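Here are some notes to read alongside the model. Have it open while you go through them, and follow the points in order.

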Amino acid sequence: MSENFDITPFIQSKSDQLNADDLLGGEITVRVVRVCKGGQDQPVVIELSGGHCPWKPCKTSLRVLGAAWGKKTGPWVGRSATLYRDETVKWAGKAVGGIRIRALSHIEQPMSISLTETRGTKKQHRIEVLRPGAESGNPTANLSAVLRELDLAIQDVDKWRQKHGRAPLEGASKEVRTKFAAWLAGRPDKVDEIRTFSSSAGGGLSAEQLSSLRAGAEGNDVEWSQVEAAYGCPIEELTVADQGDWVNGHDIYMDVVGTIEAITSEGDMP
């Protein structure tokens, strides 16, 4: 027996990824920054340049990418793609719009690929040649929307950023906020780290651990002020989460210099 139910919850856009609605203002041309595995429903996550949340291509787009760039994702990094909103894309028989590929770099000539759209029907997808390194279109990532989707408070994010030597997002330029939103949306491990950091309430270091930390600093010619500056607080006020940064993977804090460098920098974080 057929069921009558509302599909609205299943077609609502997620703010922590690039959506077709983000392209209502026009197509974008972006570079692939990073490719990693996603979940079961969206198995491939592609981080993009230009201030956009990660693109999680549907099966149709993945087939186009595989045909054009190959099945291994390593060579995709650095290549460019033009993405647009296709109003005719359907879900559960209803036209909801979707992201499609208009052009790709690193192909010798235009491509025409016939792919299944619905059971028993196929559609031609023409892919134009794109100049390598090309970029265009306005940024689409929105910090407030991303944090809301991830259930994070900007105050907690800023405390975590301070720990890594970054300026607060509150009061930051739109460019910085947009770039960070796009970066965070593609880093679920950092989202978990922020949640763990914000949920830690005090705890501090034991007298023995504090003594070992001081000895490690002195043994590596590190000024005690450097250690405190790295955390942004007196060592006595370190939380349990901070304590873990020193303990995990270290022999009782002896690699002090490397640890300070690790906690004050977060790679390519905006």
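1. Let's start with Lys179, which is partly exposed at a relative accessible area of 42%; here buried means under 20% relative accessible area, exposed over 50%, and partly exposed in between, with a 1.4 Å probe and protein chains only. Lys179 makes a salt bridge to Glu175, with the closest N and O atoms 3.0 Å apart. The term covers a side-chain nitrogen of Lys or Arg within 4 Å of a carboxyl oxygen of Asp or Glu. Lys179 and Glu175 sit four residues apart in helix α5, so about one helical turn separates them. Glu175 counts as exposed, at 51% relative accessibility.

2. A word on the ground rules. This is a predicted model, in which local features need pLDDT of at least 70 and side-chain atom pairs count only at pLDDT 80 or more, while totals for chains, interfaces and linings use all residues. Residues are numbered from 1 along each chain as its sequence is written, and side-chain values use heavy atoms, with hydrogens and water left out. Helices (H or I, at least four residues) and strands (E, at least two) are DSSP runs, numbered from the N terminus.

3. Lys179 turns up again at the second largest pocket: Leu48, Gly50, Gly51, Lys179 and Ala182 lie nearest the centre, out of 16 lining residues. The space there is about 320 Å³. α5 gives the most to this lining, with five residues, and β2 (44-48) also supplies at least two. For the method, a pocket is an open set of points on a 1 Å grid over the protein atoms alone, where a 1.4 Å probe fits, with protein on both sides within 12 Å along at least five of seven lines; lining residues have an atom within 4 Å of a point. The volume is the space filled by probe spheres set on the points, which are joined across faces, edges and corners.

4. Which other salt bridges deserve a look? Arg187 and Glu47 meet at 2.5 Å, N to O. Arg187 lies in the loop between α5 and α6 (188-199) and Glu47 in strand β2, so the pair ties together parts 140 residues apart in sequence. Both Arg187 and Glu47 are buried. Glu135 bridges to Arg31 at 2.8 Å; with Glu135 in the loop between β8 (121-129) and α3 and Arg31 in strand β1, this pair ties together parts 104 residues apart. The count of salt bridges comes to 11.

5. Strand β3 (residues 80-86) has seven of its seven residues buried, so it is largely enclosed by the rest of the structure. Ser80, Thr82, Tyr84 and Asp86 point one way, and Ala81, Leu83 and Arg85 the other. Thr29 stands opposite Thr82, while Tyr84 partners Arg100 in β6.

6. Please check Arg161 in helix α4. Arg161 is buried yet has no salt bridge, and the nearest side chain of opposite charge, Asp158, is 4.2 Å away. Lys and Arg count as positive and Asp and Glu as negative, with His and the chain ends not counted.

7. Finally, some backbone angles. His106, in the loop between β6 and β7 (111-118), has a positive phi of about 60° although it is not a glycine. Asp151 also has a positive phi of about 60°, and is exposed, with a relative accessible area of 66%.

Conventions. Pairing = 2+ DSSP bridges.
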